[in-house]
Amino acid sequence: MLHSSLLNETVQLAIDDRVLILNSAADPFVLEAAQRLSAGELILAEDNIASLLQLNKSIGADASRPSPIMKVNTIIPPSVGADLSRPSPIYRPQLHVRHVPFHEYTLHEASATIDVAIMNMLYQPSNAWMTYGLQVAAYALKPGGRLYVVGAKDRGVLSMAKRMQSLFGNLDTLVISKGQRVVCSSVENNETRHSPTNQFPALLPTAFAGGKLDEGTRLLLEALEVHATDIALDIGCGAGYIGLHIAHLASKGHVTMVDTSLATVDAARHVVEQSGMINVQVLASDGTQAVKAQRFDLVVTNPPFHLGGIHTTGIAERFIREAAQVLRPRGRFYLVANRFLKYEPTLRACFHSIEEVGGNTRYKVLLATDAIINEKKEEYGV
């Protein structure tokens, strides 16, 4: 994890600056920036709903009320909002805080209006997202505006520095610490200004490679047992191909797909629209938060095991626990994962029955039934 102190020590802010956070709302420096700004604007160009929720929790906001931080150009279930309009030591009435989906920034915001842009490479899913972030910064920054990028050598900060030098014509390395550094470029004229074209959707990962399903997804689809009347949920739906496969088989049922990425949700909605399927909906959701009051016959997931470039089993383990909570008593939960990932202990803690129903030497497809949490609810009459 990058040290937030590197940004604390290097980023210069005036109290009335307009500051743009480039898909890095999870960085602790965002709270520091809010403290420094008393009459400016803090714009979160953020893709990840979970990061926005965590930011809300960090400032102690009331999560039961709608939030100005998520009101701009974003459709998010009310349950994920928070009230940042109330007095707090961080968000004072003079400071305007708002959210714009990262992939839509150039579609809705004027160019050359931002004083400072900040990006932490740790939170970008791929090099393509980092390149897009630079394009957004070049579009958003006014003459004299500055872009700060913090990153580690093993995450490609040296390559990023070269791109910044090429795009802006200048680069300063402000600090180097244990393989991590902060680099800065400034807008010297309008030559680096980019037209507000939105190329982001083409950067999204797809379940297809060369026209074929990736191996893990293919194995999951082969193992799935889908009933015609199933009410199903796909957690972390990605581009939506698993959910659409289920919707085709559950012709008298319904499928809900959820993902924490706003860009991914838009992409999945586009795929659903093109398919012509009417028994499918796609929601932006932090895990199952948007559907936690609903119950499902079938829940599936092909969960990621990286968060901010760091290997983790926490995402899948959370999906397992939440799947147990939203399944009906006879519901089925399918998970596909790399064989080396040890999700079985969490599955056994949440379900009575676990079995491997598909896979190969690289992947395994696990089926879990008889959720323990449902049993406990029935015992207490819930």
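Which residue forms a salt bridge with Arg318? The partner is Glu322, and the closest N and O atoms of the pair are 2.7 Å apart; a salt bridge here is a side-chain nitrogen of Lys or Arg within 4 Å of a carboxyl oxygen of Asp or Glu. The model is predicted, so local features need pLDDT of at least 70 and side-chain atom pairs count only at pLDDT 80 or more, whereas totals for chains, interfaces and linings use all residues. Residues are numbered from 1 along each chain as its sequence is written, and side-chain values use heavy atoms, with hydrogens and water left out.

Glu322 and Arg318 both belong to helix α10 (residues 314–326), where they sit 4 residues apart, about one turn of the helix. Helices (H or I, at least four residues) and strands (E, at least two) are DSSP runs, numbered from the N terminus. Glu322 is buried, with a relative accessible area of 8%, while Arg318 counts as partly exposed at 24% relative accessibility. The cut-offs are under 20% relative accessible area for buried, over 50% for exposed, and partly exposed in between (1.4 Å probe, protein chains only). Elsewhere, salt bridges that share partners join Arg18, Glu41, Arg98 and Glu109 into one network.

The structure holds 13 salt bridges. One of them links the side chains of Glu32 and Arg36 at 2.9 Å, N to O. These two residues are 4 residues apart in helix α2 (residues 29–36), and therefore separated by about one helical turn. Glu32 is partly exposed at 24% relative accessibility, and Arg36 is partly exposed at 23%. An α-helix has 3.6 residues a turn, so residues three or four places apart point the same way.

A further salt bridge joins Arg332 and Asp230, with the closest N and O atoms 2.8 Å apart. Arg332 lies in strand β16 and Asp230 in the loop between α7 (215–223) and β10, so the pair ties together parts that are 102 residues apart in sequence. Both Arg332 and Asp230 are buried.

Two strands pair if DSSP finds at least two bridges between them. Strand β1 (residues 18–22) runs parallel to strand β4 (residues 114–120), and 3 bridges join the two; Ile21 has Ile118 of β4 as its bridge partner. Contact means heavy atoms within 4.5 Å; axes are lines fitted to C-alpha atoms, for helices over the stretch in contact, and angles run from 0 to 180 degrees between N-to-C directions.

Another open sheet is formed by 7 strands in the order β12-β11-β10-β13-β16-β18-β17, again with mixed pairing. β12 and β17 (351–359) stand at the edges with a single partner strand each, so one side of each is left without a neighbour in the sheet. From one strand to the next, the twist averages 20°. Within this sheet, strand β13 (residues 296–301) is mostly covered, with 6 of its 6 residues buried. β16 and strand β18 (residues 363–371) run antiparallel and are joined by 7 bridges; the bridge partner of Ala337 in β18 is Lys364.

The buried residues of α9 include Leu262, Val265 and Val272, and among the elements they pack against are α3 (49–58) and α8 (241–249). At 1.5 Å a residue, the 14 residues of α9 (residues 262–275) should span 20 Å, which agrees with the 20 Å between its end C-alpha atoms; the expected span is 1.5 Å times one less than the number of residues. Just after α9, Gly276 takes a positive phi of about 80°.
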